[in-house]
Amino acid sequence: MNIDQIRDDFPILSRTVYGKPLVYLDNGATTQKPRAVVEAITEEYYSVNANVHRGVHFLSQRATELHEASRETVRRFINARSTNEIVFTRGTTESINLLAYSYGEACLKAGDEVILSTMEHHSNIVPWQLLQARKGIVLKVIPMNDRGELLLDAYRELFTERTRLVCVAHVSNVLGTVNPVKEMIRTAHSHGVPVLVDGAQSIPHMPVDVQDLDADFYVFSGHKVYGPTGVGVLYGKEDWLDRLPPYQGGGEMIQHVSFERTTFNELPFKFEAGTPDYIGTTALARALDYVTALGMDRIAAHEHDLTTYAMERLRQVPGMRIFGEAAEKGSVISFLVGDIHHFDMGTLLDRLGIAVRTGHHCAQPLMQRLGIEGTVRASFGLYNTRQEVDALVDGVVRVSRMF
Ligand code: PMP
């Protein structure tokens, strides 16, 4: 990959912060957008904008075509069988809440068990806790070792007659661990249990094939894969989505409404009440086209190189503690140096133009397991360079010397 050329596609990367060149290492939180994505948004507002579906006029039909073509782009990107399996949402969080509500209504009663992992993001914990409060379900947690790898033997032992769902992150947003979701799905299926995979941190970084994984549900956010904010995806196997009730009611999701009886629209519209973010879906499709043209394999290889290099260099910093040493690790590095508070480290790195994230990363149960309150997190994207890793390491050393 020609990184210089790629960086030219992302105007924000050439700006400065406090007079220093921006070193953007907060891609786990959100990614920057290539020109093609931003232009897709302005182009559609300037020349196509009209509400989608059912419009008889030219613009509405054109906007509908773009919106539905985007659904096909998403389908192809994750290799789903059908566009009926692609539900547009506002993001990972909404996708999980949708599923927790609908699956909870249809399939869960008091005493039923849902398995989660220690390293889940709050958005894959709290919706299940709301269901726990509403329905009396039981949550069970897959433990992990000190390297940040899930314990698969313990996982297998969590299954009982009452297990109804497994919810697991494909890649941890704190540890970078790439969980063996294919194997975990096989185990769950051997017990007749479906699996929801949180793909927020995998979709931007590696090829994902939902049929190969045999995932029942797979969710992700557009903004983490170089697309716009406010749009995301819930993939669900058609058999499952067919059986689940709607999440929200309103326009678009109905077939016929009367005060006596309402019938619901077919998939995927049953789950898409109200005007969808059709501008956002077009822009998301542009983002997926962009990364597809670069090649997800090549993006993965580039980021693997950056992560390996960064891990090697950071390990040499005196007092360095890295959280997440899994054999299979994505492009996320969480660390602390000596007793320097993560917030101080992040604030001082920022003054050097280096954007990292600090805090609990919406994974407080994981912080509890690690016995810490938070970390500094550097997360790489397709446009980051070894020079930026050097800037990070030099920055960390410089800040450490100040304490
Ligand atoms: N799951 C994981 C693993 C994440 O990293 C994030 C974002 N930090 C989310 C879920 C939530 O994504 P969003 O805020 O885009 O809904």
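1. Start at the ligand: one of its oxygen atoms lies 2.7 Å from an N or O atom in the side chain of Ser221. Another polar contact (a pair of N or O atoms within 3.5 Å; within protein, one must be able to donate a hydrogen and the other to accept it, and residues adjacent in sequence count only if both atoms are side-chain atoms) involves Gln201, with 2.7 Å between an oxygen atom of the ligand and a side-chain N or O atom. For Asp198, the ligand atom is a nitrogen, 2.5 Å from an N or O atom in the side chain. Taken alone, the ligand exposes 400 Å², and the protein buries 84% of that (areas by the Shrake-Rupley method with a 1.4 Å probe).

2. A word on what you're looking at: this is a predicted model, where local features need pLDDT of at least 70 and side-chain atom pairs count only at pLDDT 80 or more, while totals for chains, interfaces and linings use all residues. Residues are numbered from 1 along each chain as its sequence is written, and side-chain values use heavy atoms, with hydrogens and water left out.

3. Which residues are around the ligand? Among them are Thr92, Thr93, His121, Ser123, Asn173, His223 and Lys224. To be near, a residue needs a heavy atom within 4 Å of the molecule or strand in question.

4. Now the rings: a search of the whole structure finds 9 aromatic pairs. Rings of Phe, Tyr and Trp (its six-membered ring) pair if their centres lie within 6.5 Å; planes under 30 degrees apart count as stacked, over 60 as edge-to-face and the rest as tilted. Tyr103 and Phe217 are edge-to-face because their planes are at 80°, with the centres 6.4 Å apart. Tyr103 is in helix H4 (residues 92-107) and Phe217 in strand S9 (residues 217-221), 114 residues apart. Helices (H or I, at least four residues) and strands (E, at least two) are DSSP runs, numbered from the N terminus.

5. Buried means under 20% relative accessible area, exposed over 50%, and partly exposed in between (1.4 Å probe, protein chains only).

6. Tyr226 and Tyr383 make an edge-to-face pair too, 5.8 Å centre to centre with 85° between the planes. Tyr226 sits in the loop between S9 and strand S10 (232-236), and Tyr383 in the loop between strand S17 (375-379) and helix H14 (386-402), so the pair ties together parts 157 residues apart in sequence. Both tyrosines are buried. Ring pairs also link Tyr226 and Tyr383 with Phe10 and Tyr290 in a cluster.

7. Look for charges over rings as well (NZ of Lys or CZ of Arg within 6 Å of the ring centre and within 35 degrees of the ring normal). The charged end of Arg243 sits over Trp240, 4.2 Å from the ring centre, and that of Arg351 sits over Tyr18, at 4.1 Å.

8. Helix H7 (residues 181-190) has Val181, Met184, Ile185, Thr187 and Ala188 buried. They cover an arc of only 160° around the axis (taken from the directions from the helix axis to the C-beta atoms), which puts them on the same side of H7. The face turned away from that buried side carries exposed Arg186 and Ser190.

9. Last, His342 belongs to helix H12 (residues 342-351), and its side chain reaches the backbone nitrogen of Gly359 at 3.4 Å.
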